[in-house]
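Morning, everyone. I have one structure to walk through today. Here it is on the screen.

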Amino acid sequence: MAPVPDACYLCQGRQLRLRHPARGTPEGGDVAAYRCTSFGHRAHPPIWECEECGMLFQWPMRSAEALLQAYGDVEDPLYVAEKDNRYRTFRRVLKQMGPGQGRTLLDVGAYCGYFLDVAREGGFRPEGLELSRWAAEHARALGFTVHGRPLRELVARGNTYDVVTLWDVVEHFADPREELAMAFQLVRPGGRIYLSTIDVSSLVARLLGGQWPWLMDMHLFYFGRATLSMLLEEVGFRVVGVRTYTHIISADYLLRKLAASFHPAAPVLGGLRRLVPHRWSVPFNLGDNMLMTAERP
């Protein structure tokens, strides 16, 4: 029998239920499951739901030390193969952030540095934080300062920024409350934080239930708009905007993701891969990814 968590991570409520039992095993071994481009859809430990606030979270989860080790070892060549579309995605989102005008920026989970490059193009003065040694070297090769240390160490050093970004990162933290509290201290008064993450409260997630592809080993927490707002405001931020988040991906990558997510359709999708030009760029937005903006008063 799966162990039962003592209380909800977010609200400490005790009305918990097992929403999604454990299923499958991580694809390709532990490290592969933590790649940005992982195909380990719907393979995960038990996922619990708080009936008081709606928060979903993995339990039990790996220790923070084990997670740091796994992310440090990650290598992800497919991410590099999708480089052009990552740039298109980030140029799209940069328009939501206004002109750089020399503002300082920290990108948490900078991976290979592609957003850093786009932010520099837009007039920001960006730095990154990345635990994957492989990815951090890619980002440093583009000429950026990339910190390979936890946020709390940047806080201890007195670093501050006008903007902090976390693109598809907060759901991977072993302790999102602690990390967002550190991010709050890193943002100067009047500055902003931008986060994208999967949205478990979206219509698509609710309709698909246990078939939602983003139920994955690497996703430790499943926020909705209300629960992410609650956590941001708890640590001191004021939420000022939320919208859906669009990824630009290649047609081939999209078809591979769909085949990994919906196995019965894999033969048909494999046939489409032979017909559709691999490099076609596709805007992908089913409404189950959100972009939230908050500011430090």
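Some ground rules. This is a predicted model: local features need pLDDT of at least 70, side-chain atom pairs count only at pLDDT 80 or more, and totals for chains, interfaces and linings use all residues. Residues are numbered from 1 along each chain as its sequence is written, and side-chain values use heavy atoms, with hydrogens and water left out.

Let's start with a strand. Helices (H or I, at least four residues) and strands (E, at least two) are DSSP runs, numbered from the N terminus. Two strands pair if DSSP finds at least two bridges between them.

Strand β4 (residues 104-108) and strand β7 (residues 161-167) run parallel, joined by four bridges. Leu106 has Val164 as its bridge partner in β7. β4 also runs parallel to strand β5 (residues 125-129), with five bridges between them. There, Leu105 is partnered by Pro126 in β5. To get from β4 to β5, the chain goes through helix α4 (residues 114-121), and this β-α-β crossover is right-handed. Right-handed means that, with the strands pointing away from the viewer, the path from the first strand over the helix to the second runs clockwise.

Is β4 buried or exposed? Buried means under 20% relative accessible area, exposed over 50%, and partly exposed in between, with a 1.4 Å probe and protein chains only. Five of the five residues of β4 are buried, so the strand is largely enclosed by the rest of the structure. In a regular strand, side chains alternate between the two faces of the sheet. Here both faces are covered: Thr104, Leu106 and Val108 are buried on one side, Leu105 and Asp107 on the other.

Next, an open sheet. Four strands come in the order β1-β2-β3-β9, with antiparallel pairing. At the edges are β1 (16-20) and β9 (221-222), each pairing on one side only. Four bridges hold β1 antiparallel to strand β2 (residues 47-50). Across that pair, Leu16 stands opposite Cys50 in β2.

Now helix α5 (residues 133-141). Its buried residues are Trp134, Ala135, Ala136 and Ala139. They pack against α2 (77-81) and β6 (146-147); contact here means heavy atoms within 4.5 Å. Just after α5 comes Gly143, with a positive phi of about 95°.

On to charges. How many salt bridges does the structure hold? There are 14, counting a side-chain nitrogen of Lys or Arg within 4 Å of a carboxyl oxygen of Asp or Glu.

Glu137 is partly exposed at 47% relative accessibility, and Arg140 is partly exposed at 33%.

Another joins Arg188 and Asp162, at 3.1 Å, N to O. Arg188 is in strand β8 (residues 187-198) and Asp162 in β7, so the pair ties together parts 26 residues apart in sequence.

Then Glu295 and Arg192, at 3.6 Å, N to O. Glu295 lies in strand β13 (residues 289-295) and Arg192 in β8, so this pair ties together parts 103 residues apart in sequence. Glu295 is buried, with a relative accessible area of 15%. Arg192 counts as partly exposed at 31%.

Last one on charges: Arg17, Arg19, Glu49 and Glu51 are linked in a network of salt bridges.

That's the tour. Over to you.
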